[in-house]
Amino acid sequence: MHIVVMVKAVPNTAGDERLDERFRLDRVGVDPIINQNDEHPLEVALRLAETIPGVETTMLTMGRAGSWSGLNKGIAAGINKSVVISDDALEGSCALATANVLAAGLRKLPFDLILGGLDTSDGRAGIVASTVASLLGLPFISRASELSIQDGTVIVKRLRDDGYELLQAPLPALVTVTQTVGDLRYPSLRGIMAARSRSPETWSLGEIGLAAEGVGTAAATTSVVAVDPPSPRPPTRVVSGDPASAVKEIVEFLAERRFIS
Amino acid sequence: VSGAIWTIGEIDDGRLLPSSAGVATLARRFGAAAGREVVGVVAGVEPGTAATELAAYVPRVLGVSIPADDGWLTPSAAAPVIARLVAEQGPSHLLVPATPGGRELAGALAAHLGWGVLANAVDLAWDGRALVDTVIFKVDMRVRSTFTSDHGLITVQANVISPEVLETPGVVEMVDAPNLAGSTATAAVRMVERVRVPAPASVEGARVVVAGGAGVGGADRWPLVESLADSLHGAVGASRPPVDAGWVPFSQQVGQTGKSVRPDLYVALGISGEVQHRVGMRTARTVVAVNNDPDAPIRQFADLFVIGDLHEIVPALVASIQERAAR
C-alpha cells in the first residue's frame with residue numbers, strides 16, 4: 001500500500017514575512033520549514049505504516065530545490081521517500097496551477113491514499129487539496145481527526161462542533177487531517193543520520209508532463225493589484241501595576257463600553 | 001448582459017449556515033458596485049428551506065436539488081452539478097464562505113471550472129474588474145488582488161460582514177440537478193454514522209468571546225477562562241496551544257485553522273497574538289488582553305492591554321463583575 005503526503009515548504013517566520021517588489025512572498029534567504037498543518041498527515045502516514053504491513057510512505061512537494069533542507073524532518077521521522085517538483089517556470093504559480101502540478105506529480109506516483117493538511121501558514125486558502133482530489137477524480141474527505149484503513153476503504157472520524165461523523169470512502173482517496181490527530185513524532189537519532197544522506201527525487205515540469213506555459217506568473221489566474229499598510233487603529237490603553245488596581249481599570253473600561261452594568 | 005455574481009449558501013442539516021448570510025450581504029454590495037445581478041445558489045439533497053433562508057438576503061435564489069442515495073452529499077460531490085449550472089447560466093464570479101465546507105467546494109469548483117481562486121476576502125470592490133481585499137501578516141497589511149480573466153471564485157472570510165436582510169425577501173426558483181455523467185467518484189463518500197454530543201456554546205455569532213492561550217498554563221487552570229466567560233455571558237474560545245494540549249475542544253479554536261469570530265467584545269487571556277490567531281478575531285469590535293509579557297504582539301491590536309498575571313487578575317475580576325451584578 002502506498003501513502004503519499006502532500007506538504008508545503010513555508011517560511012519559518014509566520015506573520016513577519018516580506019513581500020518582494022512583485023507583491024509575492026519573498027522566499028529568498030528565509031529558512032523554509034514544513035508547514036505546521038502538514039506535519040499532522042505525516043504523523044498519520046507513519047502510524048498507518050506501523051500498523052499495516054508493507055506500507056510505503058512518500059512526501060510530495062512543489063518548490064525550490066533548495067527548500068528541501070527544512071523538509072528533511074519528515075524523512076528523519078521515518079517517511080520513506082521524498083519527491084520535490086521543482087522548476088524555474090513554477091515561480092509565481094497560482095493555487096490552481098499548484099494543484100495542477102501536484103495532480104500531475106501524483107499521476108506519476110503509485111498511491112492508495114493521499115493525505116494533506118488543512119491549510120498553510122503562508123497562503124491560508126485551504127483549497128488546494130480539494131482541487132487536487134477533483135482533478136484526479138478521487139473521493140475527498142476533509143478534516144479527519146482519526147483515520148483507519150479497512151477492506152480497501154478509508155474510514156474517517158470527522159469532528160463537528162456538535163459531535164462527529166464517521167465517513168467512509170473506497171481507496172484510492174484523498175483525506176485532509178486536522179491538528180487533533182497529533183503532532184509529528186520526534187525523529188530518532190538513526191532517522192536524523194539517515195535523512196542527512198538521503199536527498200529527494202527532483203522532478204522537472206517536463207518529467208511530470210506539464211508545459212511551462214501552463215504555470216508560473218504568466219499563466220496565473222490571479223494577480224496582486226496593490227498592497228496597503230493597515231488602517232490606523234485607536235491607541236491601546238495600557239494598564240500595569242498591582243492586580244487590584246488593574247482589575248479596577250478593567251471593570252471601569254467594561255462598564256464604559258457597557259459590557260457590564 | 002454581463003455575467004451575474006453568484007453567492008453560495010451552505011446547508012447543514014437542511015438549514016442555511018449563518019455565515020452564508022454575511023457572504024450574501026457582501027455579494028449584494030459587490031453586485032451593486034459592479035452593476036450586475038446577484039443570485040444565491042443553494043445546492044443539496046433538500047435545498048428548499050436553506051434557499052428560502054438565503055432569499056432573505058438576495059433577490060433571487062436558485063435551489064438546486066441533487067439526489068443522493070443516503071440523503072447526504074459532500075461539497076465535492078455537489079461541485080460538478082454547480083459547475084454544470086455555471087456553464088449553462090454564465091455567472092462571472094462565485095462567492096463562497098471560507099468555512100471548511102466552503103473551502104472544499106471552492107477547491108473542487110476550481111478544478112471543474114478551471115477558474116482561479118482568491119481566498120479569505122474581507123471586502124470586495126469593482127473598477128471594471130473584481131477587486132478582492134484580503135488581510136495578511138501580523139500588522140493587517142491589506143492586499144488587493146484581481147483575476148487575470150473576467151471570472152473567478154472568491155472565498156469570503158466568515159463573520160467579517162454583518163448580515164443585512166432585504167426589505168422584501170427574494171424569490172426562490174427550484175432547479176433539478178442537471179443530469180451528470182461520470183461524476184461518481186466523489187459521491188462515493190458515505191456517511192456511516194453521525195453522533196451528537198453536548199458542545200460548549202459556539203464562538204461564532206457570540207456577542208462576547210473570552211479566549212485563553214498558552215499563558216493559562218494548564219487544563220486545571222482552564223476554569224479561569226470559563227468563569228470569566230460566564231460572568232460576561234460569553235462563549236469560551238482558545239488559541240491553538242490549549243486545543244493541542246487538550247484543555248479545550250477543537251470547536252472553540254479561533255484563528256487560521258479554527259473559527260473566525262466578530263464579537264462586540266473579545267477578551268484574550270494569556271494569548272500572545274500571533275498572526276494565526278489574529279486572522280480569526282481581527283474584526284472584534286473591542287479587544288481586551290491580559291498578558292504578563294509587555295511585548296506580546298496582541299498589545300498592538302488591543303483596546304485595553306493589561307500587563308499582569310492572569311491567575312491573579314481573572315479571579316478578582318470575576319468577583320468584581322459578580323459583585324456589581326448583584327448590586
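Tutor: Buried means under 20% relative accessible area, exposed over 50%, partly exposed in between (1.4 Å probe, protein chains only). This model is predicted: local features need pLDDT of at least 70, side-chain atom pairs count only at pLDDT 80 or more, and totals for chains, interfaces and linings use all residues. Residues are numbered from 1 along each chain as its sequence is written, chains are lettered from A and ligands numbered from 1 in the order written, and side-chain values use heavy atoms, leaving out hydrogens and water.

Student: Is Phe30(B) buried or exposed?

Tutor: The relative accessibility of Phe30(B) is 1%. That is under the 20% limit, so Phe30(B) counts as buried.

Student: What aromatic pair do Phe30(B) and Trp126(B) form?

Tutor: The structure holds two aromatic pairs over all chains (ring centres of Phe, Tyr or Trp, by its six-membered ring, within 6.5 Å; planes under 30 degrees apart are stacked, over 60 edge-to-face, the rest tilted). For Phe30(B) and Trp126(B), the centres are 5.7 Å apart and the planes make 65 degrees. The pair is edge-to-face.

Student: How many residues are in the largest nonpolar core?

Tutor: Such a core joins buried Ala, Val, Leu, Ile, Met, Phe, Trp, Tyr and Cys through side-chain atoms within 4.5 Å. Among the members touching the most others are Leu106(A) and Trp6(B). The largest core counts 62 residues.
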